[in-house]
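Trainee: I have the model open. Can we go through the labels and test each one against its cut-off?

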Amino acid sequence: MLLRSCRRACVPVRGCPNPFLRRNHASPAPERRLRSKRTGDDNYTVLAIETSCDDTSVAIVGVKDAGFLDSGFFKPNRKEHKRLGLDVYFHEKITANNDAYTGIHPLVALESHRASLAPLLQRALGHMKRRHAEQDGRKLWEDYEDEDYHDGLDNNEPVPVPEFVAVTRGPGMRSNLAVGLDTAKGLATAWGVPLIGVHHMQAHALTPRLLTAQANWLPWVKDDGQSDSCRSHDELEPAFPFLTVLVSGGHTMLIDSKGLTEHTTLAETQDIAIGDFLDKAARAIMPGQMLRPPFGAALERFAFHSEVIQPGIVLDDDVEIEGEARGPACEEHVQPRECRYDYTPPARRQDELETRPTGWGWALTPPLAESKGGEKSSRRMVYSFAGLLTSIERLAKRQEHISLVERQVMAREVQRVAFEHLASRILLHLSSASEDWKGDTIVVSGGVASNKFLRHLLRSVLDARGYSHVKLSFPPIELCTDNALMIAWAGIEMYEAGYTSSLDIGPIRTWSMDPKAPDGGILGVGGWLKDDKPISEG
């Protein structure tokens, strides 16, 4: 299925000078002013590729220094530093069809990358040609507005050369990473432009910052039609330092993000990732006819966006059942409903560790709530979801028939306990580092960050425990899962810091973000260049 998230971040101001005009090279520029290293322009284009798991994605973005754009006129940036602006020209992805399997099948994902990447690049390059022509006030074809057109690659218009090519280098499935990385290396070689091998999890952590850059692309327009430069940002937000919670099918990590390449691991899972846990819990809890991938999202819908109608219940007028007459329900079934959360956050640390009995006589024990071997597990800075998964699988198998009402309670409880466990390590860190930590934001990113109950629970828990001043930053739901836009942005931040990659780099299956890890973290692996010079390995 083709998924698109290409949208403009703001509205251009009428009468605003062309943002793609070249600078006057005779006039001096502030030392930190963004400038294309290839052409000397005040703006440049980036092509990005993502193939780390089962999503094939390509993005093309425009980058410029928006610091000198004020009320529709170009002015020197008074603070003399870059205010990065970002515009999305193209962003699409194709997800491998793993419906026949209980999860992601590596070979199916690999074949999907091989079949999908080249057509996506063809479309992307066509859009880049079209955008280049629009900047020059030309059209490549009469009906170029038709996005299903074959993108004009059969005409004589040359493809504009990007400033650099960004691609996911790791962590991920090595064969899948290789499809994107080898393609990116070929493009960078053919164009004669730099390559940047991006750390996938670093890109997730930086995703909220790209939203600031999108807001900076052009001034926003007020109700009176005048530009509102106050809504742009001098600094990317959130500014370092901030905490990062990475939650996905392959990772569960709490990280202290001190800088672009300085990310200290505070806690991570000792068994399975939270996304994997939710997928397997969904398969254990949900009725087969309701189970559709992605399973974690299906579990959330069943728990909080559905209503179980029991036999003998007279249906309300606003409940619609296709093909059935109005009257008492004949059998138990599920209908969609507006989301409602009946959630009370734990007010004390002790409350986090207590079980909450249900009407069926069972209760889920929070992970690491019990001390073993003299070690106080409840305060260990680790995550664990395997024991909770075992408990829910045993509950689901303990009897032949479980009502939909009980299954729905299971779905709610399993998410509550898992997410409170996730929050517990955040609270432990905040309580122990409250005076030393200078940040005010927690970034929550990765596929599981799209879960709206997780967002509600984290905010509720922080407020209840005295951290209402700490901000939570979630990417838009469409950017929580793997995508090339975040790869483009991470590449831009690394490029602006002077980093590129050599053309001999290979894919990395396991790659830490922490400089103190055995592999040296983001910069610890080989292949990095700083200002075009090799940097030593960690």
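Mentor: We take the salt bridges of this predicted model and then its nonpolar cores.

Trainee: Why is Glu420 with Arg356 called a salt bridge?

Mentor: Their closest N and O atoms are 3.7 Å apart. The cut-off is 4 Å, so the pair qualifies.

Trainee: What makes this pair a link between distant parts of the chain?

Mentor: Glu420 is in helix 8, and Arg356 is in the loop between helix 6 and helix 7. They are 64 residues apart.

Trainee: Why is Glu420 called buried?

Mentor: Its relative accessible area is 8%. Buried means under 20%, so the label holds.

Trainee: And Arg356, what makes it partly exposed?

Mentor: Arg356 has 30%. That lies between 20% and 50%, so it is partly exposed.

Trainee: Now the largest nonpolar core. Which element gives the largest share?

Mentor: The core has 57 residues, and Ile392 is among those touching the most other members. Helix 8 gives the largest share, twelve residues.

Trainee: What does Ile392 touch beyond four places in sequence?

Mentor: Ala281, Ile285, Leu364, Met410 and Val414. A second, separate core has 42 residues, including Tyr44 and Val198.

Note on methods:
Residues numbered from 1 in each chain as written. Predicted model: local features only at pLDDT ≥ 70, side-chain atom pairs only at ≥ 80, totals over all residues. Heavy atoms only, no water. Core = buried A, V, L, I, M, F, W, Y, C linked by side-chain atoms within 4.5 Å. Buried < 20%, exposed > 50% of the residue type's maximum accessible area, 1.4 Å probe, protein only. Helix = DSSP H or I, 4+ residues; strand = E, 2+ residues; numbered from the N terminus. Contact = heavy atoms within 4.5 Å. Salt bridge = Lys/Arg side-chain N within 4 Å of Asp/Glu carboxyl O.
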